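Here's a walk through this model, sheet by sheet and then out to the ligands. Have the viewer open as you read.

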Amino acid sequence: MSLRNELKTEAAKKGFQLFGISDIKELEDTYYPDGRGLMKPSEVMPNAKSVIILGMIIWDEGMNTAVSTAGSGDFSGGDNEYYNLYYEITETRAWRFSKWLHDEKGVDAVPSATIHLKVAAMLAGLGFIGHNTQIITPEYGPRVRWIAVLSTMVLKPDKPFTRNLCAEQEKCRNVSLCVKTCPYKAIITGPSQNVEPGKKVIYDKCVVAHEFDRDLDARWEKHINRIYPRTFKECTLCNLVCPYGKVVDTDVVPVKRGMAK
Ligand code: SF4
Ligand code: SF4
């Protein structure tokens, strides 16, 4: 078995259905907008030689649950607390994968959710950055959450993703379903490529950005999906509507729920 396939197999055992290797140099040179809590690979791990990108299918909306304090709206840290179930799951699994890399391959490895994961996934050939700004994969649409593992292992990068899945999608030919579905008109129509960060999904119009609000305006309440006073099932309407993700409903969910025939 090739090293790549060995790593991919191990990642699958740790709970990641999607696996790819990004070009670390390209990722280092990509544009990192301010105020997003993003870090270049060299800032996370100065001696990193490769970036592995791992994807986990979201097959239950409960995996998008978040707990946040009433604060200033800053997701990148400060005095706020923000816990998101899928972040915790992917990071825990990625640490297990990193430990395996260390124990079995003798390399240093560290997970990161702060490098530019969308660009990393695209560079690794795993998907297209869609009109909703999420990575759209051919296998599961945007119903995937991502994490990277940086390591001192030298790996040949995969080839970047080149298809334009939004342009190929018949159901979005006249109007992008994700743009149309957003109840707050937060998504600007058209491709995400070459659009200044923050100018595609208008941050303040997206309900997720209001999870930290101390006094929530009534108009957000409908789609903030409050479970407990500071616990929310994050809005994913622009994700769920994407036609490429419907395969999760038909093929994955019944198996996970024990309902497959
Ligand atoms: S998460 Fe909800 S509010 Fe935010 S852009 Fe998507 S559909 Fe709109
Ligand atoms: S809903 Fe349509 S336009 Fe939006 S990301 Fe999916 S394929 Fe692209």
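Let's begin with I24, which lies in helix 2 (residues 24-29); helices (H or I, at least four residues) and strands (E, at least two) are DSSP runs, numbered from the N terminus. I24 counts as buried because it has 23 C-beta neighbours inside 10 Å. The cut-offs: buried takes 20 or more other C-beta atoms within 10 Å of a residue's own, exposed 12 or fewer, and partly exposed is in between, with C-beta atoms placed from the backbone. Not counting residues up to four places away in sequence, I24 touches P41, A48, K49, S50 and V51; contact here means C-beta atoms, placed from the backbone, within 7 Å. P157 is 133 residues from I24 along the chain, yet their C-alpha atoms are separated by 8.0 Å.

Some housekeeping: this is a predicted model, so local features need pLDDT of at least 70 and side-chain atom pairs count only at pLDDT 80 or more, while totals for chains, interfaces and linings use all residues. Residues are numbered from 1 along each chain as its sequence is written, and chains are lettered from A and ligands numbered from 1 in the order in which they are written.

One open sheet has four strands in the order 1-2-8-5, with antiparallel pairing. Its edge strands, each pairing on one side only, are strand 1 (18-22) and strand 5 (109-112). From one strand to the next the twist averages 25°. Helix 4 (residues 85-105) packs on this sheet, where it touches strand 2, strand 5 and strand 8, and its direction makes about 30° with that of strand 8. Axes are lines fitted to C-alpha atoms, for helices over the stretch in contact, and angles run from 0 to 180 degrees between N-to-C directions.

Is strand 1 mostly covered or mostly open? Mostly covered: five of its five residues are buried. L18, G20 and S22 sit on one side and F19 and I21 on the other, and all are buried. In a regular strand the side chains alternate between the two faces of the sheet.

The table gives some of the strand pairs; two strands pair if DSSP finds at least two bridges between them.

| Strand pair | Bridges and sense |
|---|---|
| Strand 1 and strand 2 | five bridges, antiparallel |
| Strand 2 (residues 50-57) and strand 8 (residues 144-151) | eight bridges, antiparallel |
| Strand 9 and strand 10 (residues 231-233) | two bridges, antiparallel |

Which residues touch the most other members of the largest nonpolar core? Of its 57 residues, they are V51, I53, L54, A120, A121 and A148. Such a core is a set of buried Ala, Val, Leu, Ile, Met, Phe, Trp, Tyr and Cys residues joined through C-beta atoms within 7 Å. Leaving aside neighbours within four places in sequence, A120 is in contact with S22, L27, V51, I53, I115 and A148.

V119 is in helix 5 (residues 117-123) and counts as buried because it has 20 C-beta neighbours inside 10 Å. With neighbours within four places in sequence left aside, V119 is in contact with L27 and T30.

**Around the ligands**

Ligand 1 is surrounded by C182, Y184, A186, I187, V201, C206, V207, V208, C235, L237 and C238; near means a C-beta atom, placed from the backbone, within 6 Å. That shell has 11 nonpolar, no polar and no charged residues. Here Ala, Val, Leu, Ile, Met, Phe, Trp, Tyr, Cys and Pro count as nonpolar, Asp, Glu, Lys and Arg as charged, and the others, Gly among them, as polar.

Ligand 2 has 15 residues around it, of which G130, C166, C172, C178 and C242 come nearest. Helix 6 (165-168) and helix 7 (177-181) are the elements that give two or more residues to this shell. By class, the shell around ligand 2 has 10 nonpolar, five polar and no charged residues.

N194 is not a glycine, but has a positive phi of about 65°. N194 is in the loop between helix 7 and helix 8 (218-224) and is exposed, with 6 other C-beta atoms within 10 Å.

How values were computed. Two residues are in contact if their C-beta atoms, placed from the backbone, lie within 7 Å.
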